[in-house]
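Welcome to a short tour of one protein model.

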Amino acid sequence: MMKNKVMLLVLIILGFAFAKLPTSPLPDGFVYVQEVIPDLDVELRYLTDHNFVGKPIEGYRANTLILTKDAAEALGKVQEALRDQNFCLKVYDGYRPQRAVNHFVTWAKDLGDTLNKHAFYPEVEKQFLFSEGYIASKSGHSRGSTIDLTVTDGNTGEPLDMGGAYDFFGEQSWLSYGHLTEAQQNNRQILQSVMQAHNFRNYPKEWWHFTLRWEPFPNTYFDFLVE
């Protein structure tokens, strides 16, 4: 009787474990990053309504960071380098399905929907988000080797002050922005230096946005779900 109970308990535990697994396998060359970097702090903003659209974005079904294997391995080296300085990474987005990009494009064309303008693009008129490089019909994120992230304090887990919020559309997000405190400049330099040292290049209008050099799928835009 005891043996049967033990077997039943094992089956229940396995059932819960498998229930959490994604319903579809990843394409070859992609990995679940938290399996590569178990202590990585992941907060996918597009799974929530805390983003410039103001609602969850199509294609995001779980707080699961997905990247190409090459990008994930390089990111693991970044995390190791930061640990030595008592810092860590916090990731806001990685692989992004094309359907999510399409959602952004549809939203950007609806000029009457300005729910979160005050928080994310107060000084940019919505009709100019395309021409000024903040929204595009294709994104490097959909190729699987682009990532949005910041650095956190290793003791508190709090993000360092970068002098501007993630996904803020405006000059204070630019690398060339000149009105930062010395501490903010130093914090940005910590992120820039460690990412560049491990073959990630920055998009100069977004301090948080990096793409792996020599990415494995430079011309392919994927559309599988984040789950």
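**Overall layout**

Please keep in mind that this is a predicted model. The protein chain holds six helices and seven strands. Read from the N terminus, its elements follow the order α-β-α-β-β-α-β-α-α-β-α-β-β. The chain has 227 residues, and 47% of them count as buried. Among the contacts with a separation of 6 or more, 74% are between residues 24 or more positions apart. The accessible surface of the chain is about 11800 Å², and carbon and sulfur atoms contribute 54% of that surface.

Rolling a probe the size of a water molecule over the atoms shows where empty space is left. The largest pocket has a volume of about 380 Å³, and 24 residues line it. Those nearest its centre are Arg96, Tyr134, Ser139, Glu206 and His209. Helix 4 (98–109), strand 5 (146–153) and strand 7 (206–212) are the elements that give two or more residues to this lining. Which of the elements gives the most to the lining of the largest pocket? That is strand 7, with four residues. Sorted by class, the lining of the largest pocket has eleven nonpolar, seven polar and six charged residues.

The second largest pocket has a volume of about 170 Å³. Its lining is made of 14 residues, and Arg45, Tyr92, Gly164, Ala165 and Tyr166 lie nearest the centre. By class, this second lining divides into nine nonpolar, three polar and two charged residues.

**Aromatic rings**

A pair of aromatic rings is described by the distance of the centres and the angle of the planes. The count for this model comes to 19 aromatic pairs. One of them joins Tyr46 and Phe104 in an edge-to-face arrangement, with 5.1 Å from centre to centre and 65 degrees between the planes. Tyr46 sits in the loop between strand 2 (41–42) and strand 3 (66–68) and Phe104 in helix 4, so this pair ties together parts that are 58 residues apart in sequence.

Because Tyr166 lies in the loop between strand 5 and helix 6 (182–197) and Trp208 lies in strand 7, the pair ties together parts that are 42 residues apart in sequence.

One aromatic cluster is made up of Tyr46, Phe52, Tyr60, Phe104, Trp107, Tyr121, Tyr134 and Phe169.

The table lists some of them with their values.

| Residue | Relative accessible area |
|---|---|
| Phe52 | 2% |
| Tyr166 | 4% |
| Trp208 | 0% |
| His209 | 14% |
| Thr211 | 7% |

Phe52, a member of the aromatic cluster, is found in the loop between strand 2 and strand 3. Phe52 and Phe104 are 52 residues apart in sequence, and their C-alpha atoms are 9.3 Å apart in space. Beyond its neighbours within four places in sequence, Phe52 is in contact with Tyr46, Phe104, Trp107, Asn116, Phe120, Tyr121, Ile135, Asp167 and Phe169.

His209 is found in strand 7. Its C-alpha atom is separated by 9.1 Å from that of Thr150, which is 59 residues away along the chain. Not counting residues up to four places away in sequence, His209 touches His141, Thr146, Ile147, Asp148, Arg201, Asn202 and Tyr203.

Thr211 is found in strand 7 as well. With neighbours within four places in sequence left aside, which residues is Thr211 in contact with? They are Arg143, Ser145, Thr146, Asn199, Phe200 and Arg201.

Notes. Residues numbered from 1 in each chain as written. Predicted model: local features only at pLDDT ≥ 70, side-chain atom pairs only at ≥ 80, totals over all residues. Heavy atoms only, no water. 1 Å grid on protein atoms, 1.4 Å probe; cavity = no way out; pocket = protein on both sides within 12 Å on 5 of 7 lines; lining within 4 Å. Points joined across faces, edges and corners; volume = space filled by probe spheres on them. Nonpolar A, V, L, I, M, F, W, Y, C, P; charged D, E, K, R; others polar. Buried < 20%, exposed > 50% of the residue type's maximum accessible area, 1.4 Å probe, protein only. Contact = heavy atoms within 4.5 Å. Areas by Shrake-Rupley, 256 points an atom, 1.4 Å probe, with all protein chains shown as cover. Phe/Tyr/Trp six-rings, centres within 6.5 Å; stacked < 30°, edge-to-face > 60°.
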